Structures are given as structure tokens and as C-alpha cells.
Amino acid sequence: LPGVTSPASLVPSPVASQSPSPSPANPVLVTVPTLHGTLADVDDELRRMGLRLGRVTRIDSAAVAGQILEQSPDAGLQVAWGSVVKVDVASGFNSVPAVAELSYDQAVSALRGSGFRCTDAPQPIATILGTTPAAGTRAQVDTPVALVWSDSVVPSPTPESPSPGPSEPGG
């Protein structure tokens with residue numbers, strides 16, 4: 001019959017290259033991926049998922065420059081198609097930690113944990129006085145940091161021995 005359409009002809013055929021477009025009546029949810037790689041990689045991945053890269057904050061840490069440290073919303077959460085994902089990335093810089101008064105092993109561990117390389121080894125009895133560059137200095141990750149130490153051993157305090165009292169008569 002002319003002008004009559006069958007119900008099957010009213011249903012649009014799916015097109016593989018077309019992304020679903022959300023509408024207030026029919027929101028499309030997308031699972032936020034775990035982000036890694038360069039910012040360009042992250043931007044491409046988010047676009048493929050129907051999401052957008054939002055604010056990028058660079059943070060000092062022990063990680064190499066550009067490494068994704070945190071994302072919001074978190075990976076695995078479901079969000080509306082077109083949502084913005086914010087990321088924190090490593091700046092490639094960090095502050096040299098304070099290591100004065102630590103043992104050699106503790107000082108080296110603190111430096112490595114902050115992303116720096118320790119360039120020398122003091123004598124086993126050395127007292128760590130600080131570093132070059134100094135504690136608190138903002139430096140590029142993987143910068144060599146030298147320990148400053150003293151060869152002299154600081155004597156540990158000993159309890160005072162009682163001083164002899166005045167002689168007692170008859171003694």
C-alpha cells in the first residue's frame with residue numbers, strides 16, 4: 001500500500017563509524033579508561049572513548065616528566081559521553097630531601113625515593129651533614145646529588161658519673 005511503512009523501515013540501520021550521540025532523554029555512559037603514556041596518547045584515547053581531556057596540572061614528584069600521576073574521574077567509573085577527564089602529570093622536577101643526621105643508607109634511600117641519584121659514598125662512620133644541591137632545592141628528576149659529610153664521629157652522650165661528695169667525718 002502506498003504511504004504505509006513497515007516498523008522495520010522505521011529503525012535506522014547501525015553505522016559502525018558513527019559514535020552514539022547523547023541526548024537528555026537517552027544519555028550514553030562511557031567507562032573511564034586507565035590513562036598512561038604521553039598527553040597526546042591520553043587525548044587520543046579519551047577522544048576515541050567519547051571523552052575530553054580537561055585541566056592538566058603538572059606536579060613535582062619522583063616520576064619522570066609527563067607520567068600520569070592521577071586522573072579524575074577515576075578509571076573504571078561510568079560517566080556521560082562527552083565528559084571531561086582531568087589529569088595530574090609529573091613535572092620532571094622534585095625537591096631535594098633533607099638527609100642531615102640520617103645514616104648513609106637512609107640518606108641514599110631518601111634521595112632515590114625522591115628521584116635523584118646519589119653520586120658518592122662516604123666512609124661508614126661519617127655523619128651526614130646535608131647535600132649539594134641543598135635540601136629543599138627544586139631540581140630535575142635524575143639529577144646527581146652529592147652527600148656532604150664529616151669524617152669525625154660525633155661522640156654519643158654518656159651518662160655523667162656522680163662526682164665525689166665531700167668526705168664524711170670519721171671515714
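This is a predicted model: local features need pLDDT of at least 70, side-chain atom pairs count only at pLDDT 80 or more; totals for chains, interfaces and linings use all residues.
Let me start with Ser 150, which lies in strand β10, where helices (H or I, at least four residues) and strands (E, at least two) are DSSP runs numbered from the N terminus. Ser 150 has a relative accessibility of 18% and therefore counts as buried, given that buried means under 20% relative accessible area, exposed over 50% and partly exposed in between, with a 1.4 Å probe and protein chains only. If residues up to four places away in sequence are not counted, Ser 150 touches Ala 126, Thr 127 and Leu 129, contact meaning heavy atoms within 4.5 Å.

Residues are numbered from 1 along each chain as its sequence is written, and side-chain values use heavy atoms, with hydrogens and water left out.

Now to the sheet around β10. Three strands form an open sheet in the order β7-β10-β8, with mixed pairing, and the edge strands are β7 and β8, each of which pairs on one side only; two strands pair if DSSP finds at least two bridges between them. What is the sense of the pairing between β7 and β10? These two strands pair in the parallel sense over 2 bridges, and Cys 118 stands opposite Val 145 in β10. β8 and β10, by contrast, run antiparallel and are joined by 5 bridges. Gly 130 stands opposite Val 148 in β10, and Thr 127 has Ser 150 as its bridge partner in that strand, so we return to the residue I began with, as Ser 150 is buried at 18% relative accessibility.

The next topic is helix α3. The buried residues of α3, which spans residues 104–113, are Ala 107, Val 108 and Leu 111. Why do they lie on the same side of α3? They cover an arc of only 95° around the axis, and this puts them on the same side, the arc being that of the directions from the helix axis to the C-beta atoms. As background, an α-helix has 3.6 residues a turn, so residues three or four places apart point the same way. On the other side of α3, Asp 105 and Gly 113 are exposed. The buried residues of the helix pack against β7 (117–118), β8 (127–132) and β10 (144–150). Just after α3, Gly 115 takes a positive phi of about 95°.

Let me turn to the loops and backbone geometry. Most residues other than glycine have a negative phi, and most peptide bonds are trans. Glu 101, in the loop between β6 (93–95) and α3, has a positive phi of about 75° although it is not a glycine, and at 70% relative accessibility Glu 101 counts as exposed. Asp 142, in the loop between β9 and β10, also has a positive phi of about 75° without being a glycine, and Asp 142 is partly exposed at a relative accessible area of 44%. As for the peptide bonds, the one from Ser 72 to Pro 73 is cis, with omega near 5°, and Pro 73 is found in the loop between β3 (68–72) and β4 (78–80). The bond from Thr 132 to Pro 133 is cis as well, with omega near 0°, and Pro 133 lies in the loop between β8 and β9.

Ala 121 has its place in the loop between β7 and β8 and is exposed, with a relative accessible area of 54%. Not counting residues up to four places away in sequence, Ala 121 touches Tyr 104 and Trp 149.

Gln 140 lies in strand β9, residues 138–140, and is partly exposed, with a relative accessible area of 49%. Leaving aside neighbours within four places in sequence, Gln 140 is in contact with Gly 92, Phe 93 and Phe 116. Arg 138 lies over the face of Phe 93, at 4.4 Å from the ring centre, under the rule that NZ of Lys or CZ of Arg is within 6 Å of the ring centre and within 35 degrees of the ring normal.

Finally, the chain as a whole: there are 3 helices and 10 strands in the protein chain, and buried residues make up 25% of its 171 residues. Among contacts between residues at least 6 apart in sequence, 64% join residues at least 24 apart.
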